[in-house]
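Take a look at the model first, then read on.

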Amino acid sequence: MIHVQQFTKRYGTFEAVKNISFSVKEGAFFALLGPNGAGKSTTIETLATLKSKQAGSLHINGYEIGQDDEAIRQSIGLVFQYSVLDKELTGRENLHLRGRFYGLDKDTLTAKIQELETILGLTPFVDQRVKTLSGGQRRKLDIARALIHSPKLLMLDEPTTGLDPKSRQDLWHLILTLKEATNMTLLLTTHYMEEAASADHVIILHQGKIVAEDTADQLRLTYAKDTLKLYPKDGCEAALNEAGVVFVKQNDTLNVAVKDAFEGHALVSQFKAHLVSFEMHKASLDDVFLNLTGEVFQGGHHG
Ligand code: ADP
Ligand code: MG
């Protein structure tokens, strides 16, 4: 569905995206994960034909960006990082306007809005003026607007950023539901690690470069280790040293990096006599990012 080869984008002399390549299969749920400034919006907006490139080739649905832009615009829906609704109009009026922009006839448009109302749960507020709506409600309307012409590919740029935790969760659930209901290809950008973790496929962008690409589980396996935290009794350190087990002391615990919970379990059995208790900590994508870049991920964990 998406094919990006050696894509580079400069703003003046500043290289925002540096020679990246990736492909997205039809029906996939693909996440571009990276901190602010990584180049996520630049990439997605270039794919949406809104920005020009300096080098490389980008194809969507078989069409080349820069050559077949009109066909590409028909194939994609884009939800921007910031709402593009007309705040003086109602949600329904915004959707009508967008539908006419795509040349949908009245019956098709009415049926489509009805369908989106149901899938996205717009009914309670679709006839209110946008300026009276909450951030979460506006975002749902933005998504409806992007879907009005039934695109094969939906691209969302940080769809949950700026929402309160409850609305974020609702919207995220909605995106997953939409994915199930339509089998559309989804490409989204996020700086929330836990959102990327539920995608089929993740690209980690850092300073305009792809630093890793895989499923979230595989990224964790490849680039981060789980941690076994041991709460020791006297003699535990000596026993570990004698067995050649490498550990790091941290406050009350002795931490051992392990491949997975099974390896942790085996160690717990072996040293049970020396332990008060233990905990297993599964590696997160944050650990992956830290290990890949040497930097702590500056994403939005709490907000
Ligand atoms: P992200 O969406 O991952 O936060 P962006 O693609 O928006 O990143 O930006 C990538 C880099 O390019 C940033 O350093 C940003 O400051 C820079 N940048 C983005 N847009 C412009 C622009 N129009 N002019 C100059 N620099 C820009
Ligand atoms: Mg952005």
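To start, a residue is called buried when its relative accessible area is under 20%, exposed when it is over 50%, and partly exposed in between, with a 1.4 Å probe and only protein chains counted. What you have here is a predicted model, where local features need pLDDT of at least 70 and side-chain atom pairs count only at pLDDT 80 or more, while totals for chains, interfaces and linings use all residues. Residues are numbered from 1 along each chain as its sequence is written, chains are lettered from A and ligands numbered from 1 in the order in which they are written, and side-chain values use heavy atoms, leaving out hydrogens and water.

**The overall build**

- The protein chain has 303 residues, and 47% of them count as buried.
- You'll find eleven helices and 14 strands in the chain; these are DSSP runs numbered from the N terminus, with helices (H or I) of at least four residues and strands (E) of at least two.
- Along the principal axes, the C-alpha atoms fill a box of roughly 80 × 45 × 30 Å.

**Around ligand 1**

- The shell (residues with a heavy atom within 4 Å) includes Tyr11, Phe14, Pro35 and Lys40.
- Helix 1 gives the largest share of that shell, three residues, and both strand 2 (14-24) and helix 1 (40-47) supply at least two.
- Now for polar contacts, meaning pairs of N or O atoms within 3.5 Å: a polar side-chain atom of Tyr11 is 3.5 Å from a nitrogen atom of ligand 1.
- Glycine 37 uses a polar backbone atom, 2.7 Å from an oxygen atom of the ligand, and a backbone N or O atom of serine 41 is 2.8 Å from an oxygen atom of ligand 1.

**The magnesium ion (ligand 2)**

- Its protein donors (N, O and S atoms within 2.8 Å of the metal, or 3.2 Å for Na, K and Ca; water isn't among the atoms, so sites may look incomplete) are Ser41 (OG) and Gln81 (OE1), at 2.1 to 2.5 Å.
- Serine 41 sits in helix 1 and glutamine 81 in the loop between strand 6 (76-79) and helix 3 (91-101), so the pair links parts 40 residues apart in sequence.
- Serine 41 has 21% relative accessibility, so it counts as partly exposed.
- Glutamine 81, at 18% relative accessible area, is buried.

How values were computed
Polar contact = N/O pair within 3.5 Å; in protein donor to acceptor, adjacent residues only side chain to side chain.
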